[in-house]
Amino acid sequence: MQLAAIVRSASAHRVGSGVTTAVRCTKRPGRRPCDGFVMVFGRTNGEIAWSCDVCGDEGVITGWRGSWADVSGLDDGYVVGDELTVMLSREVFDAIRGVLLLDAACELVVARAQGTSAGVLLAGRVGAFEELIGYVAAESNVESDRRRVRRLDEACTVLEATLGHR
Amino acid sequence: MVFTVRGTKKFLDRVGRPAADPLPSSSTVLGDWYGNVLFWRPQVAVFVNVTTFMPVLMPLAPSTSVLARFPAAMAEVFATLGIDPRFVASETSAMQSAVLAKTASRQVLGVMNEFVFMAEHAIDARRCDADDLIGLSVWLADTIVGPISKDDGYTPLGALQRLVAATLDADDGWPRE
């Protein structure tokens, strides 16, 4: 699943560009969870090089094109509205990343999310965020884990506040 | 005799500006409806009821008259579902004018998104015809929706039937069929 998350993120960015994704490192150096985010670089030969920005764990992924995690073919050109950014906590973003039912624009907003020291930064057009609220709300309706419901509701609150809904 | 339609931004952009608070309360038994736009060809308006989660799909164009056309579309869906005509007549007569407002319930918003996903899947799987919006509404009304209780059979249709029965039982003034 970790490799799929890396592919999902890397394939949402241009080849030849490097970025710190919102994918969390899964290593446990010294038996403690690593606090880092995975950086990715899409090479022109089709490989995805990745490494953790804290512990330095790294690798190269090949043969990912056409896999279910490959989002490079998605088109969000139909989305309208101004560009905006939203900062979420890591925990809230993890809840959003678990939402399986997303349209292309929302899928790309989630896949392009970037890890920062302050949390996870989402960027996209207003229309995509409007749709994302609906998808997160739909997930919340059918989720039985109360903690995750809280996180999803929190995500909706932040997104709505950014869009000026409430 | 008003009812409130709470629209998504996409819906309000096409249909009109939302009214400022305080909003008049809906004079219908079913209460508020939520509205959204589907960018199908031709474009479709989807409405979901707050009380029963009943879905109604109808052509959006011309968008300026979609609220005026909505009660008739709702009545057609209800009639196809076999809902008591006395209830349908009472609801439509209480829907003489509509007030637009912003969305307020994430639960309804979520259900509306689920309906859109299911409708698109049903069309892709050739289970429903995209041109038959009444048929699509009727099909969606009998699908399982997360927030609806077991007592209502988990479906909007079950919730509507129970509400209609309770309304007709409670009001002695209804003319008997």
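Reader: Why is Tyr154(B) called partly exposed?

Author: The model is a predicted one, in which local features need pLDDT of at least 70, side-chain atom pairs count only at pLDDT 80 or more, and totals for chains, interfaces and linings use all residues. Residues are numbered from 1 along each chain as its sequence is written, while chains are lettered from A and ligands numbered from 1 in the order in which they are written. A residue is buried if 20 or more other C-beta atoms, placed from the backbone, lie within 10 Å of its own, exposed if 12 or fewer do, and partly exposed in between. Tyr154(B) has 15 other C-beta atoms within 10 Å, and therefore it is partly exposed. Tyr154(B) sits in the loop between helix 5 and helix 6 of chain B, and it has a positive phi of about 65 degrees although it is not a glycine.

Reader: What makes Arg126(B) count as exposed?

Author: Arg126(B) has 7 C-beta neighbours inside 10 Å, and so it counts as exposed. Arg126(B) belongs to the loop between helix 4 and helix 5 of chain B and, though not a glycine, has a positive phi of about 60 degrees.

Reader: Which residues of helix 6 of chain B are buried, and what do they pack against?

Author: The buried ones are Pro156(B), Leu157(B), Gly158(B), Ala159(B), Leu160(B), Leu163(B) and Val164(B). They pack against strand 4 (55-59), helix 3 (85-93) and helix 5 (133-141) of chain B.

Reader: Why are helix 4 of chain A and helix 4 of chain B called roughly perpendicular?

Author: Axes are lines fitted to C-alpha atoms, for helices over the stretch in contact, and angles run from 0 to 180 degrees between N-to-C directions. Angles under 35 degrees count as roughly parallel, over 145 as roughly antiparallel, 65 to 115 as roughly perpendicular and the rest as oblique. Helix 4 of chain A and helix 4 of chain B (residues 106-124) pack at about 100 degrees, with their axes 7 Å apart, and they are therefore roughly perpendicular to each other.

Reader: How many residues of each chain are in contact with the other chain?

Author: Two residues are in contact if their C-beta atoms, placed from the backbone, lie within 7 Å. On this rule, 12 residues of chain A are in contact with 15 residues of chain B. Helix 4 of chain A (residues 126-142) gives the largest share of the side of chain A that touches chain B, namely nine residues.

Reader: How do you know that the radius of gyration of chain A agrees with a compact globule?

Author: The radius of gyration is taken over C-alpha atoms, and the globule rule is 2.2 Å times the number of residues to the power 0.38. For 166 residues a compact globule would have a value near 15 Å, and chain A has 16 Å, which agrees. Its C-alpha trace spans about 45 × 40 × 25 Å along its principal axes, and buried residues make up 39% of chain A.

Definitions and conventions: Helices (H or I, at least four residues) and strands (E, at least two) are DSSP runs, numbered from the N terminus.
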